[in-house]
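Visitor: I have not looked at this structure before. Please show me how to read it.

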Amino acid sequence: MNESGWLDTHTGLILCILGSTLVTLLPKILPVTFLKGDNLPPLLRHWLSFVPVAVMAALVGPDIFIYEGSFNAGPSNLFLMAALPALVVAWWSKNYFLTIVVGIGLVILARYSGLY
């Protein structure tokens, strides 16, 4: 089969890949290109400052409150008990890396010592 035959056979696949690439890249490139921080109104900049915290909470929240397959917001939840001091560290230090190290360290310490 020659090259044009392969291209004719796979045109739909190529268009699908190009469309997927476009749909994936445009939402990432356009805001960075057109919405520079200096041009945004102060209220919008303030509102956007909460986006990283909201995303982190959405990612971590289910892992903290769903313990051993069900919702658990009590003291028997190891991850919640480790998250509370980690939350204080996050508030005090404003450092993601230190917060993660403290949280993971507390989980390791609690499991190693036999508390959980």
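Visitor: What radius of gyration does the protein have, beside that of a compact globule of 116 residues?

Guide: The radius of gyration is taken over C-alpha atoms, and the globule rule is 2.2 Å times the number of residues to the power 0.38. A compact globule of 116 residues would come near 13 Å, but this protein has 23 Å. Its C-alpha atoms fill a box of roughly 70 × 45 × 25 Å along the principal axes. This is a predicted model, where local features need pLDDT of at least 70, side-chain atom pairs count only at pLDDT 80 or more, and totals for chains, interfaces and linings use all residues. Residues are numbered from 1 along each chain as its sequence is written, and side-chain values use heavy atoms, without hydrogens and water.

Visitor: Which residues form the largest nonpolar core?

Guide: Such a core is a set of buried Ala, Val, Leu, Ile, Met, Phe, Trp, Tyr and Cys residues joined through side-chain atoms within 4.5 Å. Buried means under 20% relative accessible area, exposed over 50%, partly exposed in between (1.4 Å probe, protein chains only). Here the five residues are Tyr 67, Leu 78, Ala 82, Val 107 and Ala 110. Helices H5 (78–93) and H6 (96–112) each give two or more of them; helices (H or I, at least four residues) and strands (E, at least two) are DSSP runs, numbered from the N terminus.
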